[in-house]
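Trainee: I would like to go through the labels used for this model. Please set each value against its cut-off.

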Amino acid sequence: MYDIKKLLGAKISQIRKERGFSQIQFAEMIGLSTNALSIIETGNGFLTAETLEKILENLCIEPEELFYFGGMKSDGDLYKNIIKNLDIIKNDRSKLVIVDNLLKTII
């Protein structure tokens, strides 16, 4: 189950930081108090459609970029997914060799 408020808030925070805006600067840009932006970014509150439009405009992004959460998995979720996939290929030697070689290059 997704916690859309937390995912969206974390994504807004991530992109804001990538663009070099402090929370204070960005809150001013979109017409919110710093506290209101903090509540959105921590997932403890949700934004209006008007605020969403201002966020998209000021971050210079399209909605699909903001709502793509593929890179937002926790470390635990990433680990579980790796283990699940390894379990799926555990009897396929050729795939295991590929994974082993890949791991050798990054470890």
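**Labels and their cut-offs**

Mentor: Start with contacts. I39 touches N44 and G45, with neighbours up to four places away in sequence left out. Contact means heavy atoms within 4.5 Å.

Trainee: What should I know about the model itself?

Mentor: This is a predicted model, where local features need pLDDT of at least 70, side-chain atom pairs count only at pLDDT 80 or more, and totals for chains, interfaces and linings use all residues. Residues are numbered from 1 along each chain as its sequence is written, and side-chain values use heavy atoms, without hydrogens and water.

Trainee: Why is I39 called partly exposed?

Mentor: Its relative accessibility is 34%. Buried means under 20% relative accessible area, exposed means over 50%, and partly exposed lies in between (1.4 Å probe, protein chains only). So I39 counts as partly exposed. I39 belongs to helix 3, residues 34–41. Helices are DSSP runs of H or I with at least four residues, strands are runs of E with at least two, and numbering starts at the N terminus.

Trainee: What makes T51 buried?

Mentor: T51 has a relative accessible area of 9%, so the label is buried. T51 sits in helix 4, residues 49–59. Beyond four places in sequence, T51 touches I30, L32 and I40.

Trainee: How many aromatic pairs does a search of the whole structure find?

Mentor: The search finds 2 aromatic pairs. F21 and F26 are stacked, at 5.9 Å centre to centre and 20 degrees between the planes. Rings of Phe, Tyr and Trp (its six-membered ring) pair if their centres lie within 6.5 Å; planes under 30 degrees apart are stacked, over 60 edge-to-face, and the rest tilted. F21 is partly exposed at 22%, whereas F26 is buried at 0%.

Trainee: Why is the pair F67 and F69 called edge-to-face?

Mentor: The planes of F67 and F69 stand 75 degrees apart, with 6.5 Å centre to centre. That angle falls in the edge-to-face class. F67 counts as partly exposed at 36%. F69 has 16%, so F69 is buried.

Trainee: Which classes of residue line the second largest pocket?

Mentor: The lining has 8 nonpolar, 1 polar and no charged residues. Ala, Val, Leu, Ile, Met, Phe, Trp, Tyr, Cys and Pro count as nonpolar, Asp, Glu, Lys and Arg as charged, and the others, Gly among them, as polar. Helix 6 gives the largest share of this lining, 6 residues. A pocket, on a 1 Å grid over the protein atoms alone, is an open set of points where a 1.4 Å probe fits, with protein on both sides within 12 Å along at least five of seven lines; lining residues have an atom within 4 Å of a point.
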